[in-house]
Amino acid sequence: MVVDNATSNDVMVRLLKSWLKEKSLLCSKGALFHVRCSAHILNLIVQDGLQVIVSLISKIRDSVRYLKRSPSGKQKFDLAVSQLKLNGLKKVPMDVPTRWNSTYEMLEAALPLRDAFARLDLIDKNYDHNPSDEEWEIATIICECLEVFFKATCHFSGTCFPTSNVFFPEICKIQMQLNEWETSEYDFLRLMAKPMSQKFAKYWDESCLALAISVVLDPRCKMAVVEFYYEQIYGPCESTSYIDRVHTIFSKLFDEYDSGGGVLEGSSSSRSHAVMGSSKHNLDGF
């Protein structure tokens, strides 16, 4: 069951899970029953990070707000865009504080128009929000970070293809990025990554098992992808416990289904090994 992160949903899931367990209707005692909405979790993670660095992009936000509120300012900005031959670029949308993806879209559209805002600062005496070169560079880095989450969210929201098998690798990539940002040379990036990593750790452990099982059941991936990403994230030693956890729950799940149908031949351990595959593959492509 996939639900948003809300107290009322948690209560509902807990009661439903308890009721189903009493009737022995859940596999693996309900270990895979509840999966939090990954897109919603990403939203919470990014919101926590943006709260830390919101002041660093305030001048860009104020600049966009100025264009929305001042017709004469917008006219002069359009003139600057025309003079710099930037007419074909995307218009800059105003972001919404409760929608982090709108902040990404604002930065993505504003960055190529950096010179136009500098020209506006010269021709419009009422415009006093022009970001400094350092602020533009910071905005560029923040936009690149937000792009990671934006692409993952778009992938999660796909409607023309199965998505259950894409969550695990995408979320693992995000965790690897967060680990990298926590040791970044930029102070603001380390500050942004800290609350994001804390929020990620809070929810990831609850959902990773079900998402890992989905990957194992994908014949293109099997257990090799799970092992690859866990080793990348936790290292060869610490990753063993996480990998064994997936092995154990998958084998138990397979045995439960097999005991109910009994249509497959051979031992359950050998058949589950065939499904999970070998870990000796070359995974450079991942």
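This is a predicted model: local features need pLDDT of at least 70, side-chain atom pairs count only at pLDDT 80 or more; totals for chains, interfaces and linings use all residues.
Me: How many helices and strands does the protein chain have?
Reply: The chain has 11 helices and two strands. Both are DSSP runs, numbered from the N terminus: helices are H or I with at least four residues, strands are E with at least two.

Me: In what order do they run?
Reply: From the N terminus on, β-α-β-α-α-α-α-α-α-α-α-α-α.

Me: What percentage of the residues is buried?
Reply: Buried residues are 43% of the 286 in the chain. Buried means under 20% relative accessible area, exposed over 50%, partly exposed in between, with a 1.4 Å probe and protein chains only.

Me: And the contacts, what share comes from residues 24 or more positions apart?
Reply: That share is 69% of the contacts with a separation of 6 or more. A contact means heavy atoms within 4.5 Å.

Me: Core next. How many residues are in the largest nonpolar core?
Reply: The largest nonpolar core has 77 residues. Helix H9, residues 187-216, gives the most to this core, with 15 residues. A nonpolar core is a set of buried Ala, Val, Leu, Ile, Met, Phe, Trp, Tyr and Cys residues joined through side-chain atoms within 4.5 Å.

Me: Which residues have the most contacts inside it?
Reply: Leu-107, Phe-149, Phe-168, Trp-204, Val-226 and Val-246.

Me: Take Val-226. What does Val-226 touch?
Reply: Leaving out residues up to four places away in sequence, Val-226 touches Phe-168, Ala-212, Val-215, Val-216 and Val-246.

Me: Rings now. How many aromatic pairs are there?
Reply: A search of the whole structure finds 12 aromatic pairs. Rings of Phe, Tyr and Trp (its six-membered ring) pair if their centres lie within 6.5 Å; planes under 30 degrees apart count as stacked, over 60 as edge-to-face and the rest as tilted.

Me: Why is the pair of Tyr-186 and Phe-188 tilted?
Reply: Because the planes of the two rings are at 40°, with the centres 5.6 Å apart. Tyr-186 is partly exposed at 35% relative accessibility. Phe-188 is buried at 10%.

Me: What about Phe-228 and Tyr-229, what are the distance and angle?
Reply: Phe-228 and Tyr-229 sit 5.1 Å centre to centre, with 75° between the planes, an edge-to-face pair. Phe-228 is buried at 19% relative accessibility. Tyr-229 is buried at 3%.

Me: Which residues form an aromatic cluster?
Reply: Phe-168, Tyr-230, Tyr-234 and Tyr-242 form one. Phe-168 is also among the residues with the most contacts inside the largest core.

Me: Switching to packing. At what angle do H3 and H4 pack?
Reply: Helix H3 (residues 58-69) and helix H4 (residues 71-83) pack at about 110°, with their axes 5 Å apart. Axes are lines fitted to C-alpha atoms, for helices over the stretch in contact, and angles run from 0 to 180 degrees between N-to-C directions. H3 and H4 are therefore roughly perpendicular. Angles under 35 degrees count as roughly parallel, over 145 as roughly antiparallel, 65 to 115 as roughly perpendicular and the rest as oblique.

Me: Which residues make the contact?
Reply: Tyr-66, Leu-67 and Arg-69 come from H3, and Pro-71, Gly-73, Lys-74 and Phe-77 from H4.

Me: Which residues of H3 are buried, and what covers them?
Reply: The buried ones are Ile-60, Arg-61, Ser-63, Val-64, Tyr-66 and Leu-67. Their cover includes H4, H5 (100-110), H6 (114-123) and H7 (133-156).

Me: Last topic, backbone. What is phi at Lys-85?
Reply: Lys-85 has a positive phi of about 55°, although it is not a glycine. Most residues other than glycine have a negative phi. Lys-85 lies in the loop between H4 and H5. Lys-85 is exposed, at 73% relative accessible area.

Me: And Lys-222, where is Lys-222 placed?
Reply: In helix H10, residues 222-261. The phi of Lys-222 is positive too, near 55°. Lys-222 is partly exposed, with a relative accessible area of 27%.

Conventions:
Residues are numbered from 1 along each chain as its sequence is written. Side-chain values use heavy atoms; hydrogens and water are left out.
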